[in-house]
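Please look over the chain shown here. The report below walks through its architecture and its annotated sites.

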Amino acid sequence: METVNARRIALDVLVDIEKNNAFSNIALQRAMKNREIEDRDRRFVTELVYGVIENKIYLDYIINRLSKVKHSKIKVEVLNLLRMALYQIIFLDRIPSAAAVNESVKIVKKIEFGAAGYVNGLLRNFLRRREELKLDRQNMDVSEYLSIRYSHPKWLVEKWLKDFGEDFTEGLLGGNNERPSLTVRVNTLRTNKRDLIKILSAQGLEITEGKYSPEALYISNATNIEKLKAFQEGLFQIQDESSMLVAHVVNPEPGDFVMDLCAAPGGKTTHMAQLMKNQGRIIAWDIYDHKIKLIRDTARRLGISIIDTQCNDARELKQEYLGKADRVLVDAPCSGLGIIRKKPEIKYNKNLEDISKIVSIQVDILKNGARYVKKSGFLVYSTCTIEKKENIGVMEQFLKENEDFELVNINENLPAALRSDSKHLQLYPHIHGIDGFFICKFRRVR
Ligand SMILES: C[S@@+](CC[C@H](N)C(=O)[O-])C[C@H]1O[C@@H](n2cnc3c(N)ncnc32)[C@H](O)[C@@H]1O
């Protein structure tokens, strides 16, 4: 095993994310791939990276209260080192504060020697003044307090306060900062749940069964999962339970012709193929060529042969498929505000304008998707967001503009715990403990 400095790797990942706008999961993978790093160190790097991103606004609030240097003048490497040190002191009980400070000073001496005194001084000052730096909720505006306490941008907190009220919003903000277990889908084309549990448990993994989806397993101590033989042999696929519910709502049958218009990286496409027992045909489109490869690789690993991948912009209508499909899935590009638990940087990268832009893309893709559905066929619309405009808003607009379609009640395709009076489904991380998702289904009646 390589001797690594987990804090140094985490710092490099944080700087990569900040400077290059990289996704946390991809930056982490890039930094640790093909390196012999002990599981314990991998977990620590991951914890530091996610912990800092999740709590960035709060950590910066403290830095700004203590720093004599203006925020914009602090070098990005030094800033992230400070965030990381404060995260360890405030949130990780198992790490003695002195170790967090000393290790950070050692690192700063290597990357920016002149800043060592500044980093040391600021961190020691925090330890002395910790009590007086606590947030005083009573004397703060509610949105400002929630924004700093849970590190979500103020505009988003204000929006959610308006949409959902204070208690719901606070629950949601807390839920977004929870770290989810890894969830996998058993590949029933190759194994079954009982056998997979045995195989994974024998590797020392802690497994529990999913709450909602019949193929879901949670792994609480997963690291470097893609290295496992069981993964490489295609016995399972990494996928959140919310996402698994979508294929069950589409409910395809063996022999069906299915179109998946926004398919990469292929989680739902391969799940549908699984439900179809690898019989029939699925056309899987995505606008990005490099993502098409991900669908192909996953399908091959899982032993699926019925998926035909094509690089296509789903906003362009393809005449040859008009009225041909038994089922069409539009798992639309969206703001992603339901998966902040997994990709915490999402909360900092979005704004209201992005939401308006994405709604018009969703409407266009759904409108085309409808044209491919044969009479009595089904169209399913899903997103990984909790934003009403992208969900109910798009659903209602579609129904208004497409009289040939009716809304189908999806409760019969859902587990009992998720059935409700609504025909559609909206999931929230703090209520359901899984990603925030929206799913609705239409039937073509004429
Ligand atoms: C929510 S993701 C799909 C996730 C996928 N269904 C799964 O379960 O793994 C949305 C996808 O839509 C793709 N996309 C965005 N705009 C598109 C367009 N105009 N046409 C087709 N695909 C598009 C994105 O590249 C992205 O991969």
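What follows goes from the whole chain to single residues.

This is a predicted model; local features need pLDDT of at least 70, side-chain atom pairs count only at pLDDT 80 or more, and totals for chains, interfaces and linings use all residues. Residues are numbered from 1 along each chain as its sequence is written.

**Overall build**

The chain holds 19 helices and 12 strands. Both are DSSP runs numbered from the N terminus: helices are H or I with at least four residues, strands are E with at least two. The radius of gyration is 24 Å, close to the 22 Å that the globule rule gives for 446 residues, so the chain is as compact as a globular protein of that length. That radius is taken over C-alpha atoms, and the rule is 2.2 Å times the number of residues to the power 0.38. The C-alpha trace spans about 70 × 50 × 40 Å along its principal axes.

Buried residues account for 44% of the 446 residues. A residue is buried if 20 or more other C-beta atoms lie within 10 Å of its own, exposed if 12 or fewer, and partly exposed in between, with C-beta atoms placed from the backbone. Of the contacts between residues at least 6 apart in sequence, 73% join residues at least 24 apart. Contact means that two C-beta atoms, placed from the backbone, lie within 7 Å.

The chain is divided into domain 1 (6-134), domain 2 (182-238) and domain 3 (241-444). These bounds come from an automatic or database domain assignment. The C-alpha centres of domain 1 and domain 2 lie 33 Å apart.

Strands count as paired if DSSP finds at least two bridges between them. Three bridges join β2 to β3. Glu209 has Leu217 in β3 as its bridge partner.

**Helix α13**

How many residues of α13 (residues 241-250) are buried? The count is 10 of its 10 residues. Among them are Glu241, Met244, His248 and Val250. The buried residues pack against β1 (182-186), β3 (216-219), α14, β8 (325-331), β9 (373-383) and β12 (438-444). Just after the helix, Asn251 takes a positive phi of about 55 degrees.

**Annotated sites**

UniProt positions use the numbering given here, feature names are shortened, and annotations may be inferred rather than shown by experiment. In an unreviewed entry, the UniProt annotation "binding site" covers ten positions listed in the record, including Ala263, Gly266, Lys268 and Asp331. The UniProt annotation "active site", also from an unreviewed entry, covers Cys384.

| Residue | C-beta neighbours within 10 Å |
|---|---|
| Ala263 | 28 |
| Cys384 | 26 |

Ala263 is found in the loop between β5 (257-260) and α14 (267-275). Gly266 lies in the loop between β5 and α14. The contacts below leave aside neighbours within four places in sequence. Ala263 is in contact with Thr269, Ala284, Trp285, Asp286 and Ile295. Gly266 is in contact with Ala284, Leu294, Ile295, Thr298 and Ala299.

Cys384 sits in the loop between β9 and α18 (392-401). Cys384 counts as buried because it has 26 C-beta neighbours inside 10 Å. Its contacts include Cys334, Gly336, Asp435 and Phe437.
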